[in-house]
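Please work through the exercises below with the sequence and the structure open beside you. Each task is followed by a solution that goes step by step.

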Amino acid sequence: MSFKNITAIILFIIAFFIQSACFAANFQVRDLVLDNSDKTVLIRGKGDFRDSSTGVYVPVPDKSNSLNLINNITTFTLSNPAGYVIDIPNSTLPEGSRYYKLKNSKIVNRIDLLQHDTDIVRIVFTLNNAKDLPNFKTYSDGKNIIVKYNSQLVQNSIQHKFYTLSGDMDKSAVVQNTATDIIFNSNNYKLEIIPKLQNKYYLSLVTQNSEGLILKGIGEISLQKIKYYDNNTRAEIILDSSNIIPTLENKTYNIPGAVKNTKATLTINKLNDKKIKLTILGESLKDYRAVISPDNQSLFISHRSHVLNTSFALNNAKLLSYNLTKNENGYYIFDLNFDKSVAYDIFELNDSYYLDINNLPDFDEIALKKLLKNSDLNIQTMKISKDKTRYIIPSKNLNFSYANVESNAKSIKLCFKEKPQAEKINEDAIIIASKEEKIAAAGKIPEEDALSKDKNYKKDESKSGNINVVYVPKEDNSKIIYKEPKKKKPESTTISALKKVVLDPGHGGTDCGAIGGGVVYEKNLNLKVAKMVEEKLKKKNVHVYMTRSEDIFIPLEDRVNFSNEISPDIYVSIHANSTVQNVTYGLEVHYYKDDSLELANTMHAIFSSDKNLKKWDTKDRGVIKSRFYVINHTEAPSVLMEMGFISNPVEREKLMTKQRQEEVATAIADGILEYLKVK
Ligand SMILES: [Zn+2]
């Protein structure tokens, strides 16, 4: 053997070891992100499972910069029960095997996460029905893995302008399905998590055409109302229940098609794991629209002139029905139903709400007139182009509450509430400096714009909020021109009218909670005190929503969903404590999420004040970080109050008195009011 050969062999061995080293598992499967859309699952991990050294990773060429498919993930299907299996190479499952039971899914029964081999994590979707198997597709870029299992809505009525993640992809690019039938043995995995479905939307791609930006993703977009700041030079759109591909974070894009000599940009930020913020900077931003595609998966952001001329769907929708209801609490619900999914946008301008349906050529004027005949709600309708219909709802006396769009975008519910009387009075009493009054009286420009366009004035940031804008003359900061409600009543009246609190009396129905001394049921005590808190808050004009008002069983998930739909300012769960050692007594305040700590501390300071501890002859057991389901899963800042131990005979006795219950309720209500800054 020549020296040359030996060198070659050594090099080969070194190369082999390098390669082996590279082969080591370097992707950790952490978690699943499940969403309410029941269409997708994101497999979240850390690291990278692509193996560059072996060249196993071959990205499928793709014209756009969308997620590429990798072909070193193996997928196959199972029968009896029907299953879809993904094997991720070079990966580990640090937190061990487990399965997720999907209570809310019509398609997936459970998802198993297994360390199948030392460096392969296997994920098994067990389906309710084998007919759904062909819909399962896996996409990945080597770091993020998305499994999409319901494409039905996506393929429906979308024009090419609105691609979806799957729409962008060549059919042949789908991960190869080897479709082997294997009977999979799914014993022996411990049950760990029954997850609440977390995110509805995963933003994964931004593209553009000559007219605007298109944000694409999977799941369902749910938008908060667009908010405008700084004389319409900054607009913010919050996408709820959304997450984002890391490469899009903090990116800024020019919005094409801005009107002459202007420029507009869009910046994407992740606010937290559940919210994405889109910030638009430019001029006259109220002229920009955010249109949601019929499949709810894309957002087209563009100047309104382009929106008018763009076709958003292959098929125009036909109106099936209108419905208008008003309930005793002053809520109007205006309900529109269509035969096909619609592309729509909602915006607010000059004291009116606008709903534009961008693929609806006919709005059935007769039906609408009939509907509104006996109603005090005035809805105007018009065609704004060949295939677009606009609904205008004057909002002078109304607060826009929400737009609820069904996942198939065939039904839109607009909810309005009559403004409380107090606000109406204040509105009439707006003081405007005479100069502005004249401009406003001319009726051409709305007040805010009049001031914002006046070169002699500038906005005073320190005094302006979301609702009121305060302008000051540019030369003299001391002379403040107010454009804010006159404070006839204490400020709290108007502020508290906007505050929402969800109160959650723990347990109920068949779930008794703790049972003290064999006779005292925690559920009953919780409800009594919660109702007292409710009364006290209502007196301060706080909107209170009770997860239950009677002795019924409500699953924790439902309590959480209830709250998340309302999206209150805070969520307060009320409980009484219990332990086997009947000498234990005292008060506890529990929180879990970091954004709940301030609430917990505020509640604690009042609830467990020295005065209360003395009066109640009890002790403070502190603010405790606990992973209770409800305070972990509600989106609002949330706390769980333990008002004492009913397992302790002495404390139980006291807690059974009406006086103590009233005092506890007062302390809880005061804590809430303090946190909400309601006086
Ligand atoms: Zn309890």
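**Exercise 1: a pair of helices**

The crossing of H10 and H14 is right-handed, a crossing being right-handed if the near helix is turned clockwise from the far one by less than a right angle, and left-handed if anticlockwise. This is a predicted model, in which local features need pLDDT of at least 70 and side-chain atom pairs count only at pLDDT 80 or more, while totals for chains, interfaces and linings use all residues. Residues are numbered from 1 along each chain as its sequence is written, and side-chain values use heavy atoms, with hydrogens and water left out.

Task: determine which residues of H10 and H14 make the contact.

Solution. Begin with H10 (residues 597–607) and H14 (residues 658–676), whose axes come within 8 Å and cross at roughly 140 degrees. Next, list the contact residues (heavy atoms within 4.5 Å): H10 contributes Glu598, Leu599, Thr602, Met603, Ile606 and Phe607, and H14 contributes Val664, Ala667, Ile668, Asp670, Gly671, Ile672, Glu674 and Tyr675.

**Exercise 2: one histidine**

Task: decide whether Histidine 604 is buried or exposed, and find what it touches.

Solution. First locate Histidine 604, which is found in helix H10. Its relative accessible area is 17%, so Histidine 604 is buried, a term for values under 20%, with exposed over 50% and partly exposed in between (1.4 Å probe, protein chains only). Finally, leaving aside residues up to four places away in sequence, Histidine 604 touches Val589, Ser609, Asp620, Gly622 and Val623.

Note on methods
Axes are lines fitted to C-alpha atoms, for helices over the stretch in contact, and angles run from 0 to 180 degrees between N-to-C directions. Helices (H or I, at least four residues) and strands (E, at least two) are DSSP runs, numbered from the N terminus.
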